[in-house]
Amino acid sequence: MLFKKIAFVDLCQNSGAAVLAVFAKAGRLFAFLGCTLKHIFTPPFFYKNTLQQFLSIGYYSLPVVGLTTFFTGMVLALQSYTGFTRFNAESAISAVVTLSITRELAPVLAGLMVAGRVGASIAAEIGTMRVTEQIDALSTLSVSPYKYLVAPRIIAGTLMLPILVLIGDIIGILGGYVVSIHVLGFSPSNYLSQSWDILQFMDVFSGVVKAAFFGFIVTLMGCYHGYNSGRGAQGVGIATTNAVVSSSILILIFNYLLTQVFFS
Amino acid sequence: MSKTSTKKTATKPMIEMDHVSKSFGTKTVLKDINLTINKGESMVIIGGSGSGKSVTLKCILGLMENDSGVIKVDGRDIAEMDSDERHALMNKFGMLFQGGALFDSLPVWENVAFGLIHGRKMDRRQARKIALEKIDAVGMGASVADLYPAELSGGMQKRISLARAIATNPEIIFFDEPTTGLDPIMADVINDLIKKCVTDLGATALSITHDMASARKIADKVAMLYQGEIIWTGPIEKLDNSGNEYVDQFINGRANGPIAKHTEHKK
C-alpha cells in the first residue's frame, strides 16, 4: 500500500515537472518570437545580411527542391497510372499530379528539404557563434544579435520558400508530364490542357501560403535553437538536431491545420 | 613595474557594484559583490577557474542579469536603462573576449571596423581607414586587413580582437583572460599593448585573469574572487604583502594552502 502511494506521488511529481518544463520551453520560444518580430519591423535594417540570406536560403536551395519535386511528380504519375488503369480512369492522372503537387507535395517536401538544409545550417552557425562568444561580441559592439542574425534569416525564409514552392510546382508538374508522355504514352496537348483546366487559383495560393508558414517555422527554429545552444561541440550538435526535428514536426502539424483552414 | 604613471587625479567611480549576487539554479556564482572602479583606473580581478570572474564581467556588460544588487556605470543604474540608453552605454564599452570572438564571416578589417560601421554609423571608407590605423597600433601590417580570422594564428587573432576592442576609442575596456593560450612572449606583447592602449585612451579598464605576470603588468588595483566572493582588494603594490593567505597561495601558485586543491569547474 505504502509502495503504491509513493509510486503515485512520484508519478505526479514527474508528470508535473514535465508539464512545467513544456510550459517553460513554450514561454522561452514565445519570448524569442516576440523579440524577433519587434526587431524585424524596427530599424536599423541589415539589408546586406538579408540579401545574403535570400541567396543562401532561396537560390542555393533551388537544386534540392527542384530535384525533390521533379522525382515526386514522376513517381506520382507512375503510381496513379498503375492504380487508375484498374478502373479505366487514366485520364485523371494529370489532375492527381497537378493537385497533389500544388496543394500538398511541393510545399511540404520543399519545407522538409529546406528544414534539413537551411534549418540545420542556421542552428549550427548561430550555435557556434554563441559558443565562441561572437553573439556576446555583437552586443558589446552595440548591434542587436536579433537584428543582425535572426531577422535577416527569418525574413529570407518566409519570403523565399513561397518562391521556391512556385518553382517546385512547375518542376513537379513537369516531372509528371515527362513520365506521362514518354513512358505512359499520353498525348502532350491533352495532358497539358487537362492539367490547366483542373487547376484553380486556390490550389496554388494555398500551397504558397503554406510555404510562407513553413519558411518562417524552419528559420525561426534554426535561429532559436542556435541562439540557445549549449556549450561546446555537443551543444551545437544537439541544437542542430533539435532545430531539424522540431521544424519537421511543426511543418507536418501546420500543414494539417492550414489545409483544414483552406479546404474545410 | 612602473605603476607610478597611473592617473591618480581622477577618483570619480566609473563602475560600481553594490551587493551584487547571481545564481544559476541552486548554484550561487556571485555572493554579495561590492566593487568600485574609478575613472582611468586599471582593475584586475584574479581568481581560479569557476570563481565567478566571467560572470562578473558579463553582469556589468548587461549580457547577464544579476539577481540582486545594483550595478552602476558612470553613475547610472544599468538595470533602469531603456534600450536607447543601453545602446549609448554599449558605445562606451570595448571588450576583448577570451577566445577573440572575431566574426569569422567577415574579413579582419571589417571585424575591427564593426563597431564604427554599425554602432557609430560611420562611412565604410572612413571606418576602414581607422581600422587600418588600429591594426597598425596593435603591431600588425595592413596586409592582414583583407584576410579572414581563420587564416590568422591565435596570437594574431587576439591582437585583432584587441584592435576591435579599442577601435571606437571606448571609455571603458574589459579584458577577459587576455593572455590565456598565448606563448609567454606573445602574452607579454599583449600586456604591453593593453597597457599602451589604456594609457593612450585614458580609459578605465577591468581585466580578469589568472595569469599573475599579466596582472602585475596591467593592474593598478587587484581584487581577488574566491568562490563567488571578493576576499581581498587593494593596490597592486600591496599584492605581495596582502596578509591574506588565500591571495598568497594564489599569487605564488602553491598547491598547498587554504584554497582547496580541487576547484569546481566552471558552470
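Two strands count as paired if DSSP finds at least two bridges between them. The model is predicted.

In chain B, Met17(B) stands opposite Leu35(B), which lies in strand 2 of chain B. Strand 1 of chain B, residues 13–24, pairs with strand 2 of chain B, residues 27–38, in the antiparallel sense. These two strands form a hairpin with 2 residues between them, and Gly25(B) in the turn has a positive phi of about 65°. Strand 1 of chain B also runs antiparallel to strand 4 of chain B, residues 68–73. There, Glu16(B) stands opposite Lys72(B).

Strand 6 of chain B, residues 93–96, is covered on both faces. Phe93(B) and Met95(B) are buried on one side, and Gly94(B) and Leu96(B) are buried on the other. In a regular strand, side chains alternate between the two faces of the sheet. Strand 7 of chain B, residues 172–176, runs parallel to strand 6 of chain B, and Phe175(B) is the bridge partner of Leu96(B).

| Strand pair | Sense | Bridges |
|---|---|---|
| Strands 1 and 2 of chain B | antiparallel | 8 bridges |
| Strands 1 and 4 of chain B | antiparallel | 5 bridges |
| Strands 6 and 7 of chain B | parallel | 4 bridges |

In chain A, helix 9 covers residues 232–263 and has 32 residues. From first C-alpha to last, helix 9 of chain A reaches 46 Å, close to the 46 Å expected at 1.5 Å a residue. Its buried residues include Gly235(A), Ala243(A), Ile251(A) and Leu258(A). The buried residues of helix 9 of chain A pack against helix 4 (93–131) and helix 8 (201–227) of chain A.

Note on methods: Residues numbered from 1 in each chain as written. Chains lettered and ligands numbered in written order. Predicted model: local features only at pLDDT ≥ 70, side-chain atom pairs only at ≥ 80, totals over all residues. Heavy atoms only, no water. Expected span 1.5 Å × (residues − 1). Buried < 20%, exposed > 50% of the residue type's maximum accessible area, 1.4 Å probe, protein only. Contact = heavy atoms within 4.5 Å.
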